[in-house]
Amino acid sequence: MANLTNPQDTIAVIQKYNFMFQKKFGQNFLIDTHVVDKIIRSAGLTKDDMVLEIGPGIGSLTQHLAENAGKVVAVEIDKNLIPILGETLVAYDNITIINEDILKVDINELAEKYNGGKPIKVVANLPYYITTPIIMGLFESHVPIESITVMVQKEVADRMQVGPGTKDYGALSLAVQYYAKPEIVANVPPNCFIPRPNVGSAVIKLTRFKEPPVEVEDEQLMFKLIRASFNQRRKTLVNGLSNSPEIPFGKEQITEAIVNLGWSPTLRGESLTLEEFAILANSLSS
Ligand code: SAM
């Protein structure tokens, strides 16, 4: 079977099946061997691993996942790709393809069925239009996960990795950093894909923490505080929080909590670290 991580073989497969790219599914297929190697190495796969791949496309990355992992479960929404995968992956007996929308799949059930509930590794060149719901869904539904190694839009990778004091810092940074250690492992230009995306890309590895890095009594409250602060990031923390319908405290209570912590009442939410959001949540919930 052709090694699909080059332009010629990818184009040959696409032409053979008369495959039409669907923009709405974020279809940009990888055609660069070095990038695929980098993803596989960064994911640190062994034959004991089960990998969940989101969006196998024509199977370029999937072939390499199957060679390096024990089991690969690949979820692809586009039914037109299923017969193609049947051909490109025929040589492998450790791959299960599921024709479904990843946002509707019970991933806990997949981990249970194919890995006895043990932590899985997620490896993918993600469809960019649903990056955040995919990543947050994996963390929030408490799927047993060891790591997530994914290609995402460069700007989104930056947002996952930064701390306070930069324009990219936001709710996604804090959510990711509560659950995992982020590390950008490669920057990838548009010419590594067919068709070329009109944004830069990056491979990011998120290694799940065994224990969260901060202690918080009411996780849900902390995430409500984070969302409310960044929904109105030009406002002070007090105003941002008291304007939000999600926050069950009045302006006076919020001001009192902030002053009691020794913080300025004119502070902005965007300057708070994860640890400070945890302290504020603990102070309000007590
Ligand atoms: N893995 C392939 C590669 O690297 O060449 C394809 C990556 S492409 C960026 C994203 C893939 O995700 C496409 O195959 C697309 O059809 C699929 N996809 C898009 N939305 C999806 C969804 N909601 N659930 C599952 N797969 C989806």
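Strands are taken here as DSSP runs of at least two residues, numbered from the N terminus. In the predicted model, Val152 belongs to strand β6, which spans residues 145-153. The relative accessible area of Val152 is 0%, so the residue is classed as buried, the cut-off for that class being under 20%. Beyond the neighbours within four places in sequence, Val152 makes contact with Leu126, Tyr128, Thr131, Ala157, Ser201, Ala202 and Ile204. Arg227 lies 75 residues from Val152 along the chain, and the C-alpha atoms of the two are separated by 22 Å.

The domain assignment divides the chain into domain 1, residues 7-208, and domain 2, residues 219-285. To the contact between them, domain 1 contributes 12 residues and domain 2 contributes 12 residues. The C-alpha centres of the two domains are 35 Å apart.

The extent of an interface is often expressed as the accessible area lost when the parts come together. Between domain 1 and domain 2 this buried area amounts to about 940 Å², and carbon and sulfur atoms supply 67% of that area. On the side of domain 1, the residues that lose the most area to domain 2 are Tyr169, Leu174 and Tyr178, which together account for 53% of what that side buries.

With regard to polar interactions, three residue pairs are in polar contact between domain 1 and domain 2, both residues being at pLDDT 80 or more. The number of salt bridges found across the interface is zero. The residues of domain 1 that touch domain 2 comprise seven nonpolar, four polar and one charged.

Technical notes:
Residues are numbered from 1 along each chain as its sequence is written. This is a predicted model: local features need pLDDT of at least 70, side-chain atom pairs count only at pLDDT 80 or more; totals for chains, interfaces and linings use all residues. Side-chain values use heavy atoms; hydrogens and water are left out. Domain bounds come from an automatic or database domain assignment. Contact means heavy atoms within 4.5 Å. Buried area is the accessible area (1.4 Å probe) that two parts lose on being put together, summed over both. A salt bridge is a side-chain nitrogen of Lys or Arg within 4 Å of a carboxyl oxygen of Asp or Glu. A polar contact is a pair of N or O atoms within 3.5 Å; within protein, one must be able to donate a hydrogen and the other to accept it, and residues adjacent in sequence count only if both atoms are side-chain atoms. Ala, Val, Leu, Ile, Met, Phe, Trp, Tyr, Cys and Pro count as nonpolar, Asp, Glu, Lys and Arg as charged, and the others, Gly among them, as polar. Helices (H or I, at least four residues) and strands (E, at least two) are DSSP runs, numbered from the N terminus. Buried means under 20% relative accessible area, exposed over 50%, partly exposed in between (1.4 Å probe, protein chains only).
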